[in-house]
Amino acid sequence: MIYKKPIILYNQKSGSLKKSQAKFDLIYKKITFNLNLTEIEVFLLKDIAASDKRLRDLIHKKSNDLIIILGGDGTISSVCNILMEFPEEDRIPVFPIPTGSGNSLLLDLNITNPMQAIDRFDSENTIEMDVIEVKELESAKTRYCINLIGMGFISDIVDFAIKHKKRFGGMSYFMAVFMGLKKFLPYKVIIKHDSGEFDSDKVFF
């Protein structure tokens, strides 16, 4: 399949592209060359609410046939959660390029950097991936998880890092570990899954 109307969702706050127009320009040129296009529409992800609305609109209108994601796991997760709101036949393929701090999903696929991801792009061999549907027991709020989901200590670390990333950059995760140890106490958790239930008050994460 030849993609004719791809769109780049560009998270300017993602780790390796933060405040780096030169890196973005290099990646953009390689994408257009590898996809044999002269130019590709670029959408900057700034305001979350506005970005979600724009993404829903483009999926609904089918104005683009490929979503290229420049960001990390959080950006990929946000996009895929919106895609899951639509019937399977209306979902647009995504092409994630690792520019975040962790890039866990793409590391699972043995992709370690943006150029490697672009070189491995093959429109004829797309990958279908299962997602985990997670519902909170009390609120029934639903989220979709691509490769992992965390709670407890690990979530405290991520929460701290997100809140302090502007000030401390990548060091935020390192600092968050020590800050999280202050309240490193077990808590009660109930997990209901397809095969039964897990119930314990000795969970750390």
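Helices (H or I, at least four residues) and strands (E, at least two) are DSSP runs, numbered from the N terminus. The model is predicted, and local features need pLDDT of at least 70, side-chain atom pairs pLDDT 80 or more, while totals for chains, interfaces and linings use all residues. Residues are numbered from 1 along each chain as its sequence is written, and side-chain values use heavy atoms, with hydrogens and water left out.

**View A. A nonpolar patch lies on the surface.** Patch residues have over 30% relative accessible area and no salt bridge, and nonpolar side chains (Val, Leu, Ile, Met, Phe, Trp, Tyr) are joined within 5 Å. A salt bridge is a side-chain nitrogen of Lys or Arg within 4 Å of a carboxyl oxygen of Asp or Glu. Helix H7 (171-180) supplies five residues, the largest share. Phe174 lies in helix H7.

**View B. Asp119 lies in helix H5.** Asp119 touches Lys30 and Asn34 (contact: heavy atoms within 4.5 Å), not counting residues up to four places away in sequence.

**View C. Tyr3 and Phe121 form a tilted ring pair.** Rings of Phe, Tyr and Trp (its six-membered ring) pair if their centres lie within 6.5 Å; planes under 30 degrees apart count as stacked, over 60 as edge-to-face and the rest as tilted. The centres of Tyr3 and Phe121 are 6.2 Å apart and the planes are at 55°, so the pair is tilted. Ring pairs also link Phe95 with Tyr3 and Phe121 into a cluster.

**View D. Tyr10 and Phe24 are stacked.** Their centres are 4.2 Å apart, with 10° between the planes. Tyr10 lies in strand S1 and Phe24 in helix H1 (residues 21-34), so the pair ties together parts 14 residues apart in sequence.

Definitions and conventions: Patches are made of residues with over 30% relative accessible area and no salt bridge: like charges are joined within 9 Å, nonpolar side chains (Val, Leu, Ile, Met, Phe, Trp, Tyr) within 5 Å. Accessible areas come from the Shrake-Rupley method with a 1.4 Å probe; for residues, only the protein chains shown count as cover.
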